[in-house]
Amino acid sequence: MKKITITDVAKHAGVSKSTVSQYLNERYDYMGGGETKARIEAAIKELNYSPNFLARSLKQKKTNTIGVIVANILHVFSTQIIRAIQDYCSERNFHVIACNADDDPRKEKQFIEMLQAKQVDGIIVFPTGANKSLYQTLIMTNYPTVFIDRMVSGVGIDTVLLDNEKASKLAIQTFLMQGYQRIAMISPHHCYQI
């Protein structure tokens, strides 16, 4: 079965390939009128055309894809962050590739290199902190990168952090206001009595 191309859609709609391209890129101002848009929509539907996103991304030098590398996907915090990123990106027609590094610097390096090879538009990383030379390469090549939840000493990448001190104070104040006096805090490796 022959793959339907943008040329087929243009012929079917009686317009140029350029006009179909404008339609696909939602640049309706550059098109004739509502009738032209309707003809292209009908042609796409009748021919069951789906755009070649790889060719489109090569031409536009943009993939509308973000890579997210989490330290450990089993952590609830990680899944909540992925969900928030996914929701935000979905509303803006961006795709998300989520990768689980298991706090393993080797896996993190492989995922960063794989995502770059796939030409994602940017990477969001919960960094292990052990790939400093790779992080510096991302900076030197101006590769859009953001760290989440962890700062890496000596690496100047924008980082989104939770104010842990403020969050802890708010949690303790909530318990104190409810009359509790003996408060404990449990973290993955420690237990503290406050």
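This tour moves through a few places in the structure, saying at each stop what to select and what is there.

The model is a predicted one, in which local features need pLDDT of at least 70 and side-chain atom pairs count only at pLDDT 80 or more, while totals for chains, interfaces and linings use all residues. Residues are numbered from 1 along each chain as its sequence is written, and side-chain values use heavy atoms, with hydrogens and water left out.

**The helix pair**

Begin by selecting residues 6–13, helix α1, and residues 17–24, helix α2; helices (H or I, at least four residues) and strands (E, at least two) are DSSP runs, numbered from the N terminus. Their axes, which are lines fitted to C-alpha atoms over the stretch in contact, come within 8 Å and cross at roughly 105°, an angle that runs from 0 to 180 degrees between N-to-C directions. The two helices are therefore roughly perpendicular to each other (65 to 115 degrees).

Next, show the side chains of Ile6, Thr7, Val9 and Ala10 in α1, which meet Lys17, Val20, Ser21 and Leu24 in α2, contact meaning heavy atoms within 4.5 Å. The residues of this contact divide into five nonpolar, two polar and one charged, where Ala, Val, Leu, Ile, Met, Phe, Trp, Tyr, Cys and Pro count as nonpolar, Asp, Glu, Lys and Arg as charged, and the others, Gly among them, as polar.

In the loop between α1 and α2, select Gly14, which is exposed, with a relative accessible area of 57% (buried is under 20%, exposed over 50%, partly exposed in between, with a 1.4 Å probe and protein chains only).

**Strand β3 and its partners**

Now move to strand β3, residues 122–125, where Gly122 and Ile124 point one way, Ile123 and Val125 point the other way, and all are buried. Strand β1, residues 65–70, pairs with β3 in the parallel sense over four bridges (pairing needs at least two bridges found by DSSP), and Gly67 stands opposite Ile123. Strand β4, residues 145–148, runs parallel to β3 and is joined to it by three bridges, with Thr145 standing opposite Ile123.

**Two asparagines**

Finish with Asn64, in the loop between α4 (53–60) and β1, and Asn142, in the loop between α7 and β4. Most residues other than glycine have a negative phi. Asn64 is partly exposed, at 22% relative accessible area, whereas Asn142 is exposed, at 67%.

Key: Parallel < 35°, antiparallel > 145°, perpendicular 65-115°, else oblique.
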